[in-house]
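I opened a new page for this chain today.

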Amino acid sequence: MSDRLSQLQEAVDQLMDQFIATYFYIDRHHDLKTFSPKDTIAPSKDQPPEVDTLPPDVFQAGQLELARDLITREQQIEYLISSLPGLDNSEHDQMQSIKELEEELTVAEKQRQEAVKEKDEVLVKLDQTLRSIRRY
């Protein structure tokens, strides 16, 4: 599973994709209406091929579904943001947490060095044992 920031970036990217898809749905399936009395709508035979007018109820149902998808994605983004570490902590608390993590890292590094030293000692003993077996 990826970290929270990667999940957040992916969710924002998906939200942008949904915005674009919503825009293209509306642009492609809108009904041809005029904005003022002077405007005219071209006859159906001259209708641009990129406009595929849907019945109003189908168009509104599609808009409603797309709007719900956008709201759901936005809520997922809010959740991911709220789960990020440090949003509710002061700078002092964050610095204290960093110091504690540095101390834990120092202890873990010492343990690693001891384990490496122990491994080297075991290898030396194993090598000595193998050499003594060869002599017999």
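Predicted model: local features only at pLDDT ≥ 70, side-chain atom pairs only at ≥ 80, totals over all residues.

**Entry 1: I81.** Buried needs a value under 20%, and exposed needs one over 50%. I located I81 in helix 2. Next I checked I81 against L5, which lies 76 residues away along the chain. Their C-alpha atoms are 8.6 Å apart.

**Entry 2: the two helices.** How do helix 1 and helix 2 pack? I read an angle of about 165 degrees between them. Their axes are 10 Å apart. An angle over 145 degrees counts as roughly antiparallel, so I wrote down helix 1 and helix 2 as roughly antiparallel to each other. I also noted that their crossing is left-handed. Then I sorted the residues of this contact by class: 15 are nonpolar, seven are polar and three are charged.

**Entry 3: the core.** Which residues make up the largest nonpolar core? I listed seven: L8, A11, L15, L70, I77, L80 and L84. Two elements give two or more residues to this core, namely helix 1, spanning 4-29, and helix 2, spanning 56-82.

**Entry 4: L80.** What does L80 touch, leaving out residues up to four places away in sequence? I found R4, Q7, L8 and A11.

Technical notes:
Residues numbered from 1 in each chain as written. Heavy atoms only, no water. Core = buried A, V, L, I, M, F, W, Y, C linked by side-chain atoms within 4.5 Å. Buried < 20%, exposed > 50% of the residue type's maximum accessible area, 1.4 Å probe, protein only. Helix = DSSP H or I, 4+ residues; strand = E, 2+ residues; numbered from the N terminus. Contact = heavy atoms within 4.5 Å. Axes fitted to C-alpha atoms, helices over the stretch in contact; angles between N-to-C directions. Parallel < 35°, antiparallel > 145°, perpendicular 65-115°, else oblique. Left-handed = near helix turned anticlockwise from the far one by under 90°. Nonpolar A, V, L, I, M, F, W, Y, C, P; charged D, E, K, R; others polar.
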